[in-house]
Amino acid sequence: MKAVRQAVIDIGSNTVRLVVYAGLPRAPMPIYNEKSRVKLGACLAGDGVIDKATMKKALAALARFETLARAMKVDTMRVVATAATREAKNGGELVEKAAALGIRVDVLDGDAEATAAGLGILSDNPHANGYVGDLGGGSLELIRIADGKLGRRVSLPLGTLRHDILNGKTTKQITQMLRDDIAGAMGKTDFPIETGLPFYMIGGSWRTFARLHMHHTGYPLTILSNYEMPADAPEMMMAVVNDKDALNRSNVLAAGRISALPGANALLAGIVGLLKPCKLVTSIYGLREGLLFEQLTPAERQQDPLIAAARFEGERLGRFPFHGDALAQWIAPVFAGQSPDDARLCRAACLLSDSVWNVNPEYRADHALDLALDGSWPGVNASDRAVIAAALWTVHAGKRTLPEMLTALAKPGALAQAVIWGLAIRLAHRLDGGTGGALADSRIDGDGATLRLHLSGSAIRLQSNSVQRRLQALGEALGYKQSEITG
């Protein structure tokens with residue numbers, strides 16, 4: 001799959017936003033993100049007409065963003081508009097004036113908007129089974145997803161700019177309102193409710209809520225992607241969310257998001273009452289990523305986004321001709337029988353294991369840790385990040401004692417396994433200097449008592465005391481009584 005540069009300009013109800021992505025189409029990485037707070041959707045609570053000043057501001061943002069995208073030499077560009085433009089009485093005027101500037105705008109209907117949101121979640125979590133909620137300024141989309149496919153979906157006029165309707169309502173009343181609105185839009189049985197499934201949250205206001213929850217609970221990371229909260233979080237945080245002075249003093253939320261937070265939280269609590277999910281999952285993927293995912297072939301959609309992203313970055317940052325996949329195959333016999341999920345994370349660690357070589361040796365382990373924890377990796381949660389980080393830390397630090405932060409993010413058994421992956425990768429790097437040149441002429445296995453490194457061909461000349469020491473360290477971690485090199 002060839003690397004490309006793609007742009008999406010999203011004309012939403014609150015903002016007009018440009019995001020430019022680079023990398024592989026299956027795992028696009030944002031390299032530029034800018035928004036203009038236009039608030040086109042403000043008209044939806046009034047006469048339904050976009051005023052001249054707002055129209056002018058939106059067109060100026062469009063012109064700037066289109067010019068920026070062209071300057072960044074994007075291969076593709078998509079410009080879409082959602083609820084505010086499609087519902088405003090003069091939304092068509094905005095589209096026409098954009099066309100006069102040479103910018104073609106696709107106005108998405110509610111179903112297309114919901115489809116893109118659902119595909120955005122599937123692009124990040126291909127095996128997700130649950131419900132998606134996309135809360136924008138003008139509308140709320142709810143989508144059922146399972147088995148990599150979209151199920152029933154509905155678009156409701158309950159965006160953050162319309163949350164006055166929630167004032168004075170209890171959570172039970174909001175839940176009933178949702179039931180009534182869904183029935184009015186689709187019929188009582190056309191959007192079946194299945195309880196006990198994850199609820200994936202898209203939208204700036206819900207991400208703001210997740211950030212506040214992180215702060216409130218002392219969570220050690222600030223990565224919002226796939227951040228999980230208990231289903232009762234909206235009710236538990238209700239008092240905090242409605243204390244505007246405390247929110248301003250916290251210094252963890254964007255000032256422009258605070259006013260919309262109470263309504264967004266009240267709506268989320270109502271959705272919890274409706275769906276009774278097992279957990280809430282925050283997503284940084286949504287409509288824009290869904291539009292890109294929609295363009296992929298069926299075969300491309302089947303690729304694991306984490307592995308695609310790690311392979312791309314590993315090849316880009318490595319010293320020698322890339323051999324991360326061969327490295328994963330080389331250490332695999334030592335870990336025969338591990339689960340597919342473990343094998344996936346182990347492969348990601350192999351793909352990224354040579355990505356910090358240009359850092360001062362004293363700090364490589366720290367940078368490897370940061371790469372795993374803070375990188376823009378799709379398809380992983382906090383535990384997955386910590387496990388990959390543990391493996392990469394071990395590769396470069398050579399120690400089995402991990403930073404304390406990791407123990408707060410993943411279970412001890414998962415981290416212990418990752419350390420052993422790291423020791424195996426560390427052995428391979430020392431054997432051939434990280435070139436991958438010896439992998440074809442060597443293999444590693446054990447017979448229950450002894451861990452053996454078998455060398456043949458030119459690899460026989462690569463024996464050394466340091467290779468023996470790393471083999472022994474791996475053998476001890478695996479529980480072997482002794483280790484030896486043959487060949």
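A disulfide is taken here as a pair of cysteine sulfur atoms within 2.5 Å. By that criterion, a search of the whole structure returns zero disulfides. The model is predicted, and local features are reported at pLDDT of at least 70, side-chain atom pairs at pLDDT 80 or more, and totals for chains, interfaces and linings over all residues. Residues are numbered from 1 along each chain as its sequence is written, and side-chain values use heavy atoms, with hydrogens and water left out.

Two cysteines were examined individually. The sulfur of cysteine 350 has its closest cysteine sulfur in cysteine 346, at 4.5 Å, which is too far for a bond. Cysteine 350 is buried at 2% relative accessibility, where buried means under 20% relative accessible area, exposed over 50%, and partly exposed in between (1.4 Å probe, protein chains only). Cysteine 43 is also buried, with a relative accessible area of 8%.

Cysteine 350 takes part in a contact with serine 353, through its backbone oxygen, which lies 2.9 Å from a polar atom of the serine 353 side chain. A polar contact is a pair of N or O atoms within 3.5 Å; within protein, one must be able to donate a hydrogen and the other to accept it, and residues adjacent in sequence count only if both atoms are side-chain atoms. Serine 353 is placed in the loop between helix 16 (340–352) and helix 17 (364–374); helices (H or I, at least four residues) and strands (E, at least two) are DSSP runs, numbered from the N terminus. With 2% relative accessibility, serine 353 is buried. Its side chain also makes a polar contact of 3.2 Å with the side chain of histidine 429. Contact in general means heavy atoms within 4.5 Å. Apart from residues up to four places away in sequence, serine 353 touches Leu327, Leu392, Val395, His396, Ile425 and His429.

Two packed helices are described by the angle between their axes and the distance between the axes. The axes of helix 15 (residues 324–331) and helix 20 (residues 412–432) come within 10 Å and cross at roughly 115 degrees. These axes are lines fitted to C-alpha atoms, for helices over the stretch in contact, with angles running from 0 to 180 degrees between N-to-C directions. The crossing of helix 15 and helix 20 is right-handed; a crossing has that hand if the near helix is turned clockwise from the far one by less than a right angle, and is left-handed if anticlockwise.

Helix 17 contains leucine 369, which is buried at 11% relative accessibility. Beyond its neighbours within four places in sequence, leucine 369 contacts Ala389, Trp393, Pro403 and Leu406.

Helix 12 (residues 287–294) is mostly covered, with seven of its eight residues buried. The buried residues are Leu287, Arg288, Glu289, Gly290, Leu291, Leu292 and Phe293. They pack against several elements, including strand 1 (4–11), strand 2 (16–23) and helix 4 (110–124). In helix 4 lies threonine 115, which is buried at 12% relative accessibility. A polar atom of the threonine 115 side chain is 2.8 Å from the backbone oxygen of aspartate 111. Threonine 115 also touches Leu150, Arg153 and Glu294, residues up to four places away in sequence not being counted.

Two lysines have positive phi values. In lysine 39, phi is near 60 degrees; this residue sits in the loop between strand 3 (29–36) and helix 1 (52–71) and is partly exposed, at 40%. In lysine 276, phi is about 45 degrees; this residue belongs to the loop between helix 11 (261–275) and strand 11 (280–282) and is partly exposed, at 48%.

Threonine 486, in strand 14 (residues 482–486), is partly exposed with a relative accessible area of 22%. Its side chain forms a polar contact of 2.9 Å with that of histidine 454.
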